[in-house]
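Hi everyone, thanks for coming. Let me put the model up on the screen, and then I'll walk you through it.

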Amino acid sequence: MAPTGLAAHSIKGVTIHRCLSLPVDQQTTAKYSSLSTEQLLTLRKTLGRTRLFIIDEISMVSSLMLMYIHLRLTEIKSTNFPMGNANFVLFGDFLQLRPVSANPPFIPLTRLEIRNRLGSMGSFNLWHEFEYDELTINMRQKNDKPYADTLANIRLGNCEEQHLQCLSTRKFGCMSRATSEEITKLYCNLCKEGKVPVILMPTNDDCRLINNTLLKETSSKHVTLTAIDCLSSVVRNKRIEEEAAKSVSSFADDCKRTAGALTTLVLSIGARVMLQRNIAVDKGLVNGSMGYVKEFKSIPSGEIVSVLVQFDGQDQLTSIGRATVRFEALKEVYYTRKQFPLQLAFAITIHKSQGLSLECAIVDAGSRCFGPGMIYVALSRVTTSAGLHLVELDPSKIIADMEAISEYNRLRRILNFFHVLL
Ligand SMILES: Nc1ncnc2c1ncn2[C@@H]1O[C@H](COP(=O)(O)OP(=O)(O)OP(=O)(O)O)[C@@H](O)[C@H]1O
């Protein structure tokens, strides 16, 4: 299991939410809710006898999510033992990215989380149930020792002259920050050389800009796929109905408000896309799978009914039809949306890239980066410095999470490691 689709995909696993049927809320961690009898029976069939769970990218799992995993397993396995008395192996690095708007698992739950999310008066510290060990060999950058050393320093927030020198040779573009035209040009040139570059950007807005520019650059024939929306709550008041429609149109491209489904999806033949949901877990076609659009299938009226995608590592094309999602348009007024579960993926966020190993990446490690660990995650995706192409580098944004460093020092003292990290 892993917290994001792409991280789950890279270990041939599934997301924690999907595996344990945990409540989903795009904005924040949803309130914990117990399973219905039907769900409980289904999960008991699939997980009731599972004795070992492996979670990757634990740094992106919040302490609240860890508690939800524990609670879900106590339900499934009908026991009050920690983590449902199952064995757990957690992998990750707390000097990489933190959970979005939540605390990492080593920080105890806050009173507010206990009251508002668990609906409880008290809780206990699950983190102390785990034992710690360290994997000390860097396998990803094993063939580029100077780059591995630079990354080891950047991980701890150290960026000295020799590290800056190592990185500055990888900068492209005329000014301190490459323009979107320069990024597009480099991307196309790398593709011509037979490489499969991935563009890593700090925010969804940055990705949108680059994705749209590359879509224009790579094809002149674009296909617009508009979401099919309908009100799914019973609303007898015309005014509320109108307000709900207005609210939905104001979401525009904020797919966090619409359970991931875009209002308007623009694609073209050859566009790089990512799948947004699991469609065949056994074949590896899951949330996070990446591929290229090959064809659009339409019915005689002209309406497009499926998009044929060549997913990486698959022999055959996969036909993707519209998927249905439900989201809240106004308080307790729900909409149903039918949209193709695809998004453009020439560029993806650095958050999504955590866990990936890439041969070639165009990375924005500049002033738009935010939060500890972001630049380290972005730079450490590539196997050698030759595969790195820097849009911008802002050394002031190379920050290590001091809470994570003290936690590592605590764990290392328990394990009797000889030295603390900083
Ligand atoms: N024992 C090994 N022998 C050879 N290659 C390995 C070994 N372990 C890992 N690798 C390779 O090293 C790369 C990085 O491995 P992996 O993704 O497991 O690292 P990681 O510790 O999860 O990194 P991160 O947390 O930064 O994503 C991969 O390309 C993987 O195939």
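Predicted model: local features only at pLDDT ≥ 70, side-chain atom pairs only at ≥ 80, totals over all residues.

Residues are numbered from 1 along each chain as its sequence is written, and side-chain values use heavy atoms, with hydrogens and water left out.

Let's start inside. A nonpolar core here is a set of buried Ala, Val, Leu, Ile, Met, Phe, Trp, Tyr and Cys residues joined through side-chain atoms within 4.5 Å; buried means under 20% relative accessible area, exposed over 50%, and partly exposed in between, with a 1.4 Å probe and protein chains only. The largest such core has 41 residues, and those touching the most other members include Ile-16, Ile-69 and Phe-88. Which element gives the largest share of this core? That is α4, with 8 residues; helices (H or I, at least four residues) and strands (E, at least two) are DSSP runs, numbered from the N terminus. Apart from this core lies another of 38 residues, Leu-186 and Phe-296 among them.

Beyond four places in sequence, Ile-69 has contacts (heavy atoms within 4.5 Å) that include Leu-22, Val-61 and Met-83.

Most residues other than glycine have a negative phi. Met-83, in the loop between α4 and β2, has a positive phi of about 55°. Is Met-83 buried or exposed? Its relative accessibility is 3%, so Met-83 counts as buried. Ser-21, in the loop between α2 and α3, also has a positive phi, near 50°, but Ser-21 counts as partly exposed because its relative accessibility is 30%.

Next, Pro-108 sits in the loop between β2 and α5. With residues up to four places away in sequence set aside, Pro-108 touches Ser-63 and Asn-125. Pro-108 has 49% relative accessibility, so this residue is partly exposed.

Now the second largest pocket. A pocket is an open set of points on a 1 Å grid over the protein atoms alone, where a 1.4 Å probe fits, with protein on both sides within 12 Å along at least five of seven lines; lining residues have an atom within 4 Å of a point. Of its 47 lining residues, the closest to the centre include Asp-93, Arg-155 and Tyr-408.

Finally, an unreviewed UniProt entry places "domain: DNA helicase Pif1-like 2B" at residues 264-296. That span is 0% helix and 45% strand. Thanks, everyone!

Conventions
UniProt positions renumbered as here; feature names shortened; annotations may be inferred.
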